[in-house]
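Keep the sequence and the coordinates in view.

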Amino acid sequence: MARRVHQPLENKEFDFILAMSDGPVLAYFSGTWPKALKACKEMDPVVGEAAEAYAGRLTAVKVDMTRCPEPVRRYEVTAAPSVVLIKEGEAVALAAGAMDGAELTAFLDSHL
C-alpha cells in the first residue's frame with residue numbers, strides 16, 4: 001500500500017483522519033476473509049496509485065472492515081472491496097467490487 005494511504009487501526013483513528021482532512025476522503029473498505037482477500041489484494045495497488053495521482057485533492061484511507069466496524073455500518077458498506085467517497089463526513093458515492101485503475105479514476109472524476 002502506498003505511503004499516501006492511511007490505515008487506521010481503530011474506529012477513533014478513522015474519525016480523526018476524517019476530521020483532519022481538508023477535502024474529500026476516499027475510503028477503501030478491505031476484508032481479510034477468504035472470499036474477499038484476493039480481490040482486496042488486487043485492489044491495494046490501484047488505490048495506492050489513485051492516492052498518488054490525486055494527492056492534494058483527496059485523502060485516501062484503507063479501512064480494515066474487521067478492525068473498524070463503525071465506518072462500515074455508518075456508510076452501509078456490505079461488500080469487500082468497496083470504495084466510498086466522503087465529503088464533509090457524508091458519503092457522496094459508493095461502489096462495491098474490485099476496480100481497475102481506469103474504473104477508479106472514472107469513479108473519482110465523476111464525483112470530485
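Is Asp15 buried, partly exposed or exposed? Asp15 has a relative accessible area of 31% and is therefore partly exposed. The scale is this: buried means under 20% relative accessible area, exposed means over 50%, and partly exposed lies in between, with a 1.4 Å probe and protein chains only.

Some ground rules come next. This is a predicted model, in which local features need pLDDT of at least 70, side-chain atom pairs count only at pLDDT 80 or more, and totals for chains, interfaces and linings use all residues. Residues are numbered from 1 along each chain as its sequence is written, and side-chain values use heavy atoms, with hydrogens and water left out.

Start with the charges. The whole structure holds six salt bridges. Such a bridge needs a side-chain nitrogen of Lys or Arg within 4 Å of a carboxyl oxygen of Asp or Glu. One of them pairs Arg74 with Asp15, at 2.8 Å from N to O. Arg74 belongs to helix 3 and Asp15 to helix 1, so this bridge ties together parts that are 59 residues apart in sequence. Helices here are DSSP runs of H or I with at least four residues, strands are runs of E with at least two, and both are numbered from the N terminus. Arg74 is partly exposed, because its relative accessibility is 33%.

Glu70 is partly exposed, with a relative accessible area of 28%. Arg73 is exposed, at 54%. Through shared partners, salt bridges join Asp15, Glu70, Arg73 and Arg74 into one network.

Now look at Asp44 and Lys62. Their closest N and O atoms are 3.2 Å apart, in a salt bridge. Asp44 has a relative accessible area of 15%, so it is buried. Lys62 is buried as well, at 17%.

Which two rings pair, and in what geometry? The count comes to one aromatic pair. The ring centres of Phe14 and Tyr75 are 6.5 Å apart and their planes lie at 70°, so the pair is edge-to-face. The rule takes rings of Phe, Tyr and Trp (its six-membered ring) with centres within 6.5 Å; planes under 30 degrees apart are stacked, over 60 edge-to-face, and the rest tilted. Phe14 sits in helix 1 (residues 11–20), while Tyr75 sits in the loop between helix 3 (69–74) and strand 4 (82–87), so the pair ties together parts 61 residues apart in sequence. Both Phe14 and Tyr75 are buried.

Turn to the pockets. A pocket is an open set of points on a 1 Å grid over the protein atoms alone, where a 1.4 Å probe fits and protein lies on both sides within 12 Å along at least five of seven lines; lining residues have an atom within 4 Å of a point. Volume is the space filled by probe spheres set on the points, which are joined across faces, edges and corners.

The largest pocket holds about 200 Å³. Its lining has 15 residues, and Gln7, Ser30, Thr32, Lys62 and Asp64 lie nearest its centre. Strand 2 (25–30), helix 2 (34–53) and strand 3 each supply at least two lining residues. Helix 2 gives the most, with four.

The second largest pocket has a volume of about 160 Å³. Among its lining residues are Arg4, His6, Pro24, Leu58, Thr59 and Ala60.

Follow Thr59 from here. Thr59 is in strand 3 (residues 59–64). It is buried, with a relative accessible area of 16%. Beyond its neighbours within four places in sequence, Thr59 is in contact (heavy atoms within 4.5 Å) with His6, Ile17, Ser21, Pro24, Val25 and Leu26.

End at Gly48, in helix 2. Gly48 counts as buried, because its relative accessibility is 6%. The C-alpha atoms of Gly48 and Ala60 are separated by 8.2 Å, with the two residues 12 apart along the chain.
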